[in-house]
Amino acid sequence: SELSFPNVDKVKYANLPKRQISIPTVFQSHVHYKQVFKAALTEQLNIVLFELSQRLHNALSKADISFYTSLKDGQSESKESCVPLCSHMHPAKLVMVKKEGQNKGRLFYTCDAPKAERCSFFQWIEDANPTQIKSRPSVVLRDIKSIGTYLRSQKISLYEGCQLLVRKAFEVQTQRCSRFKKFTNTPARFDGDCKKKLYLKLSRKEHYSLYSKDDIWVVSKTLNFDPLDTFIASSAFFGPSSNGEVELLPLKGYCPSNWRSNMFVHALLACNASGELTSLRNMEEHFNPSALPLTPYLLKMDFDSENAAKRVNKRKFIPPAISLKCTMTYGPVSAEVALGLATKMIQTFSLNPDQATSLIQIAQMMTSRGNIKPVEEHQIFPITIIRGVFGAGKSYLLSVVILFLVQLFESSEATEGPRPAPWKLLIASSTNVAVDRILLGLLDLGFEDFIRVGSIRKITKAILPHSLHAGSGNENEQLKELLALMKEDLTPVEKMYVRKSIEQHKLGTNKTILQQVKVVGVTCAACPFPCLNSLKFPVVMLDECSQMTEPASLLPIARFQCEKLVLVGDPKQLPPTIQGSESVHEKGLEQTLFDRLCLMGHKPILLRTQYRCHPAISAIANELFYEGNLIDGVSATDRSPLLDWLPTLCFYSVNGVEQIERDNSFYNMAEVHFTVKLIQSLIASGIEGSAIGVITLYKSQMCKIQNVLTDVRSEALEVKAVQVSTVDAFQGAEKEIVVLSCVRTRHIGFIDSEKRMNVALTRARRHLLIVGNLACLSRNRLWGRVIHHCKGWENGLQHVSQCERQLNDILTCYLEKRKEEEQNKKKEK
């Protein structure tokens, strides 16, 4: 479980390793739990470092850097330089194209003189040495700066010629240092010298958005990053200081005697490991049975000492070891009060049978000790799992659950009086959108007594007046950011929300209220924010839990000493994104807390009724992914077509060609142009842009569609409001009309991932329009069945050649009509 940056021999001919560590369903102890997840997170980071090392050494092997190796060996610089001379007869400098376009990332030589004296010399690097024999490296580099430029053109973030600074700290947070060493394996010598701080003075500074807290930096004395002369560290703050210095916290390989101050080094910005490092810190500091009552229930269900506990209870004595394993944390009120209130709310808010079952189970979970019979006690767990299909009204249900819990908390205070940790509820999720969706639901139900903690620009405007902006700098910076928002292109209603937020900020109202409110909303990433340090949340509600890794789920649970847990998600939709690595099995970090607790034996409540899609659209997902368990909460009449000529479900067959970008993302220009024409025709027929969503399975295709839409934008066709995004970004969203571009024409690729397909096919309320290659997709088992469904509907399968004439006629008619209207207006004037 240690980080490492492998040398050239380990990566040269090796394949990128896959994650091997398997997460068990049950754990023997909290120590076992921490060991497994520490190993899994470290393995993930090591694969990212392996891939970077492999790319670095692969790029260096294609370049001639003999001048550098000669200098290292104490020889004079080679005279046989292949660098071209500019018109001044001086060696030219190597530069990378940064401008968007087909040449972005290419290298060329240009004059190295100051701007005013610069000559017009220009030469592509490939043309500089055409006579070189093929066995020699293609790029000849003559100085350290050129090596940096070359490696950055290969998407390797090298900072060559940096300065390492060791300074004495005037004030050291000893507590942070001691906590940090627990899992970073920092040598004792660095700890002993804790009065000193380590800084990296960068040779250049990029845009501030490229840096963050917990960035992983690999620092070395040599350009080939020899392990003996290299250490790995993380950044202590959110970016370089004004003079370009990054404070480093060593993670592996740092020994003070080996690294003197003011030493020149080279550094690689490897990745941001905020998720991994924050999770490791959280587990080390907060995950233990004495601080977290829920611990035993997260480890296993069948407590070994259950029978022993029953025997001991008879003699009215409970040894500490046994009580620790099966402690039941009791709720705020009696079963009678809780179930009575739940029944009342089921009627008031017209909950369907599955939603009602969820609320009843939460009510039982929240009941106090005196009303549970000893025989039943072991059957009630402090965890409720709700599995909601797409469009099942999860957010609405959770809003009702929150109102229910707040009333329970108030009832408890009135009858039982205050408790050591007051009853409070934390709403958490991996995304800002998910948290805000629940809070918007609360506002719709007339409940405003909550605080949203987060970063200003990531919070929905309607929630801003109820928020505490703890994620962005000091208070003055936050105020500046709010004032800057007022100058942006906002609607009058959005401006009203921002104005109200500015008033609240100046008064400091929300900061005071945070301590008193019963409900707080936050993303998992924002849980470590200092403003939350003193708070405890006995009840935690985790939304979209099937989309986040277990260590991420643990952030709100462990940090705030959770006693009762509500998990909500759909394991049939997108899993967590694990950047940069794949697992050899399904029991790696992809396995969520939601998955593991279900495997352990917890029975989830399934919300089967979907209220989003036209029955024809939901039928596809019902057959392919939900084993026929779905119930339609809306009829075909409720989702009647917006236009007579537009099918509810249609596959448009486009004979395009898939192409691949430098970043290995695919695009298909024939599908791009047809999709844009379809959007134009919809808007020309009177559909609002905000009612249309375009989903594609590849980022490159998304960018191409956005670019073409921008080019065709005009007063005649307002396409700005059309949302174009990848499947991953569309999860949780819905549109009246969805156009799905499949891109692939040769191989299916990852577009036949069941979870990804499920999300893509279930975003549309009234019309699902699939654009793809019929021959290619028909060969796939899943897509073949989708196409079969489309064929069953009137005009459900159309070839582009058939329908393009109709779309052209719609556009021509619309533009002619608009032109005529404009001419009439001019005549009237």
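Two strands pair if DSSP finds at least two bridges between them, and the strands themselves (E, at least two residues), like the helices (H or I, at least four residues), are DSSP runs numbered from the N terminus. The structure described here is a predicted model, in which local features need pLDDT of at least 70 and side-chain atom pairs count only at pLDDT 80 or more, while totals for chains, interfaces and linings use all residues. Residues are numbered from 1 along each chain as its sequence is written, and side-chain values use heavy atoms, with hydrogens and water left out.

**The sheet and its helices**

Strand 12 (residues 383-388) and strand 18 (residues 564-569) are paired in the parallel sense over 5 bridges, and within this pair Thr384 stands opposite Val566 of strand 18. An open sheet of 8 strands, with parallel pairing, runs in the order 15-14-16-13-17-18-12-19. Its edges are strand 15 (467-468) and strand 19 (605-607), each of which pairs on one side only.

| Helix | Residues | Angle |
|---|---|---|
| Helix 15 | residues 394-416 | about 175° with strand 17 (539-542) |
| Helix 16 | residues 432-444 | about 165° to strand 14 (450-453) |

Helix 15 packs on the sheet and touches, among others, strand 12, strand 13 (425-429) and strand 19, whereas helix 16 lies across strand 13, strand 14 and strand 16.

**The nonpolar cores**

A nonpolar core is a set of buried Ala, Val, Leu, Ile, Met, Phe, Trp, Tyr and Cys residues joined through side-chain atoms within 4.5 Å, where buried means under 20% relative accessible area, exposed over 50% and partly exposed in between (1.4 Å probe, protein chains only). The largest such core has 93 residues, and Leu298 and Ile557 have the most contacts inside it. Helix 2 (residues 30-61) gives the most to this core, with 11 residues. Leaving aside neighbours within four places in sequence, Ile557 is in contact with Leu292, Leu294, Leu298, Leu542, Cys562, Leu565 and Leu593. Apart from this core lies another, of 92 residues, including Ala342 and Val743.

**Two loop residues with positive phi**

Asp214, a residue other than glycine, has a positive phi near 65°; Asp214 sits in the loop between strand 7 (196-201) and strand 8 (215-220) and, at 2% relative accessibility, counts as buried. Phe225, also not a glycine, has a positive phi near 50°; Phe225 is found in the loop between strand 8 and strand 9 (230-235) and counts as buried at 0% relative accessibility.

Key. Contact = heavy atoms within 4.5 Å. Axes fitted to C-alpha atoms, helices over the stretch in contact; angles between N-to-C directions.
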